[in-house]
Amino acid sequence: MKIGIVLAQPPSYSETFFNSKIKGLSEHGYTVELYVRQKSLENANYKVVAAPKLSKNRIVQLFKTVFVLLSLLPNLKRVSRFIKLEKSIGRSSSQILKNIYTNSHLLKANLDWLHFGFTTMALQSEHVAKSIGAKMAVSCRGYDMDVYPLKKPGSYNLVWSNVNKIHAISKYMLIRAKTNGMLNTTENAIITPAIKTSLFQNNIEKQIDKTKPIRITTIARLHWIKGLNYTLEALALLKAKGIKFSYEIIGEGSEYEPLRFAVHELGLEGSVNFRGKLSHQETLKRLENSDIYIQYSQSEGFCNAVLEAQTMNCLCIVSDGGALPENILDNETGWVVPRRNPKMLAETISRVLSMDSLALRVIRTNARERVLNEFTIKNQIQAFIDFYE
Amino acid sequence: MKKKLKIAIYSGTIPSTSFIERLINGVAEHHEVLLFGVQKKNISYASKTIRVFTTPKSKWVNVFVTFFRALHLLIKQPKLLFGLLEEIKSEKTRYSKFVKFSRCLPILLHQPDILHLQWAKDIGVYGFLKTKFNIPLVVSFRGAHINYTPVVEPKYASVYKEFFPHVDAFHGVSHTIVKKASQYDDIRSRSTVIYSPTPEFFFNTYKPYQKPNRKTIRVVSVGRNHWKKGYQYAVDALHQLRLKGYDIEYSLIGPAKPTEALLFQMHQLDVIDVMSFKSQLNQQELLEALQYQDVLLLPSLGEGIANVVLEAMAMGLPVISTDCGGMAEVVKHMETGWLVPMRDAKAIEAAIIDFYNTPENKLKSMVSEAHVFVKREFDYATNIAKFIEFYNTVVK
């Protein structure tokens, strides 16, 4: 079976989710090809096909268009089917021409499944699968379902009416997809992200040393959806109670300025470190040395970082935003706190710190075992095989 | 009568923000005002004592104009031109050398008696005009440039430490901001606090307060879409108030539509149906929009002194403000309004409830006190006179 996965660019080494999926499927005899908007420099062990680039220069673009159209001549039937489908929904001729150009690499592909890695990637490509005689699948991830449709309501309608099967990374994502117009009759599967268990063989023994500052970590882009300002406000409340801690945020992003200012205004100078973006290996090292992991996001599609933190024996405290309550079971594998409520987050952290070490050990063990048993790449691959079969 | 001074009121752009424009027009009644910077919009000043020397927006026109200005300076005062050429050598790229050259050239050519920088951050670029060419330098502290820029971009803290000792005088829009700026140099003896003049216009529409006879509480905030405006806390509070059964409407004037973050929050907290957005309004439209409202909320995380709070107080609209920047100098809790801590949705929520439950008589006296206070401290003519006096001390 031949599967084409559509992404913006080839996954980087750290994107375990895609890499492991591609590798696992290939090992089971599937042919996986990647269709991207832009090729990256990293070497891949699979075929990567890039979409033709758009040029700002009109004359250059004209030549490129002619060239791309000529290259589509052997696939004339597919192109005419595509045009017909596009016309049937009333798309303008210029938009159809544009879509032929940007989808030309897909229109030439011979595939059984065309799987869009993000729902937004399927926009303006809704008719491609049908035109090339493939089945169409889309994945529903965080931004796809949580934010984009708020800005452009109804933008997925065409996707929903053309897709054969939907992959959601959590129950929450599936509910969001339904709220955003997904048809109830469409086949679907929830396949959560997974972790490479081989990286987490070492069961690190941890105990909170109360004579030293508590080590707290968050891995997140500096982005509003990650709720970092609420986290900082909670930490300020802890500090006021005399609890000593050292907090690290691993990640970079556009909202450094307000967060850096918040650290200053909340009197957290010296207790908070912005580590910037770190490699996967360095990040794991940081988790190894962390007592508590916090993910107090406004919403999450699922969140890989929380999975990894659990296997590194960090005590995880998360918000109830999005799929986080699926990732952490409250009071069993960590703690789930209502979102946007710094006071409750601070209370939970201090409650955890006051628990006896035996009770904390139980939580750590539960969390690690659950992740290592349920969120393995092996399970994930099997789920994808079932998905395509 | 004293000799008229040439005062350069520099903000980088022409026209500038409304409060700087008010200053320009006010000062022009007493002295000659020189404006330098990039012209963003066409504007013609009625006063003949306002002279505009723009840096053209188009790169090529700018090359042409700068060439002639350089020639002019070469003939007039060659030493200044060579000094400037020497100064720009420290710039890293050829382009930044040209930008600095083209912006500073007209200032040297027209030699103001005072160069008044409206934004403290500019001192890194223009400070040399004092240290090298001895043009008397005045710097204003208005808000962000002291409140958070040096925290977020530490290089500005060093720039301030380097140049503040050379500045002749500082103007602060509040006592709080002068205190904050004092960490960079001993500036107290050179600093004067002059509140921003509030236009007569808002005072003229003042009416004694009357409590409206309706259940809905209409709350309004005014300001652009920027994290420091703290709308997120207002929306959190709005959500809680709705859960408690309050009938409340929240309008934002300034942003035409919510940011992605705010939009998400509105959906997640299910307050989308009680929020509305209006893009920036002119003064008359703003006044009318405010007259429709019950209370003005300033949920900000940083301000000098927010003009919109002054305007609301002038016209008789009750205000709830966070204790940011110099707001405490204006909003006296339970006397002229409600003052709440920053980043505290619960406190905003409590203040709105308290406002709602306050009897008409008490509100009437608070609003009247606020009006009298702003009229006394933020009066246009008095504050312009203070600026004139301030400039006179610089060139004494």
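This report describes a helix pair, a chain interface and a domain interface in a predicted model.

**A pair of helices in chain B**

Two packed helices are described by the angle between their axes and the distance between the axes. In chain B, helix α1 (residues 18-28) and helix α18 (residues 380-395) have axes that come within 10 Å and cross at roughly 70°. Because angles of 65 to 115 degrees count as roughly perpendicular, α1(B) is roughly perpendicular to α18(B). On the side of α1(B), the contact is made by L23(B), G26(B) and V27(B), while α18(B) contributes Y380(B), I384(B) and F387(B). Sorted by class, the contact of α1(B) with α18(B) has five nonpolar residues and one polar residue, with no charged residues.

**Where chain B touches chain A**

The contact between the chains takes twelve residues from chain B and twelve residues from chain A. On the side of chain B that touches chain A, the elements giving two or more residues are α8 (149-152) and α13 (260-268) of chain B, and α13(B) gives the most, with six residues.

**Two domains in chain A**

The domain assignment of chain A gives domain 1 (2-190) and domain 2 (197-374), and their centres, taken over C-alpha atoms, are separated by 35 Å. Their contact takes ten residues from domain 1 of chain A and nine residues from domain 2 of chain A. On the side of domain 1 that touches domain 2, α7 (142-146) and α10 (171-179) of chain A each supply at least two residues, and the largest share, three residues, comes from α10(A).

The table gives the residue classes of two of these sides.

Definitions and conventions
Residues are numbered from 1 along each chain as its sequence is written. Chains are lettered from A and ligands numbered from 1 in the order in which they are written. This is a predicted model: local features need pLDDT of at least 70, side-chain atom pairs count only at pLDDT 80 or more; totals for chains, interfaces and linings use all residues. Axes are lines fitted to C-alpha atoms, for helices over the stretch in contact, and angles run from 0 to 180 degrees between N-to-C directions. Helices (H or I, at least four residues) and strands (E, at least two) are DSSP runs, numbered from the N terminus. Angles under 35 degrees count as roughly parallel, over 145 as roughly antiparallel, 65 to 115 as roughly perpendicular and the rest as oblique. Two residues are in contact if their C-beta atoms, placed from the backbone, lie within 7 Å. Ala, Val, Leu, Ile, Met, Phe, Trp, Tyr, Cys and Pro count as nonpolar, Asp, Glu, Lys and Arg as charged, and the others, Gly among them, as polar. Domain bounds come from an automatic or database domain assignment.
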